[in-house]
Amino acid sequence: LRHWLTSRKPAFDGKAPELDPPKGVLLLGVQGCGKSLAARAAAGIFGVPLLRLDFAALYSKWHGESEKNLRESLEAAEALSPCVLWIDEIEKGLASGGGDDGGVSRRVLGYLLTWMEERKTKVFIVATANAVNELPAELLRKGRFDEIFFVDLPRPEVRAAIFAMHLKKRKIAAESFDLNALAAASDGFSGA
């Protein structure tokens, strides 16, 4: 993911005007494995502000308010472009099941998809999801996102590095521990 973002930075920041700027990525995977951290890293790599869109805060009991809230949020992102728009746990706001909300989630999805397709500003989307099976098929269609990345549980060497990082943060000598044994004992655990 880091390599992918770094290689597209010139297209995003305008240093390669012959290339289309990247639209965004969808990060799928296990909870606690760094999807949110990756969204922050994307903003850092591009050198732009990070905005977080919280779907839970968008929804309102009043007719038309949810759609209006989304429209205003996306307009704010466009006004702040270039930026990275992080849509955390997108499946919670656009879940394809249900249908008992009077069509609000379908209208919100429709507006979001239209905006994703038609926006002209440099708003790079990083959407994160824990449950891909809950995402509407329209969102996963080719072209909505430039790329879809799966963020898996960390490998043993990464778990050892996570232990070392936390020990250093607490000013404890990592040499006092067998990091490989800790990494082996934490098989199946996330970074969190």
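Which residues of the largest nonpolar core touch the most other members? They are Phe55, Leu85, Ile90 and Leu112, in a core of 28 residues. A nonpolar core here is a set of buried Ala, Val, Leu, Ile, Met, Phe, Trp, Tyr and Cys residues joined through side-chain atoms within 4.5 Å; buried means under 20% relative accessible area, with a 1.4 Å probe and protein chains only. This is a predicted model, in which local features need pLDDT of at least 70 and side-chain atom pairs pLDDT 80 or more, while totals for chains, interfaces and linings use all residues. Residues are numbered from 1 along each chain, and side-chain values use heavy atoms, without hydrogens or water.

Elements supplying at least two residues each to this core include β1 (24-29), α4 (65-79) and α6 (104-118). Helices (H or I, at least four residues) and strands (E, at least two) are DSSP runs numbered from the N terminus. The largest share, 7 residues, comes from α6.

Leu112 lies in α6 and is buried, with a relative accessible area of 0%. Leaving aside neighbours within four places in sequence, Leu112 is in contact (heavy atoms within 4.5 Å) with Phe55, Leu70, Leu74, Ile90 and Leu94. Leu112 and Leu70 are 42 residues apart along the chain, yet their C-alpha atoms are separated by 7.9 Å.

The Lys35 side chain instead reaches the backbone oxygen of Val30 at 2.9 Å.

Definitions and conventions:
Buried < 20%, exposed > 50% of the residue type's maximum accessible area, 1.4 Å probe, protein only. Polar contact = N/O pair within 3.5 Å; in protein donor to acceptor, adjacent residues only side chain to side chain.
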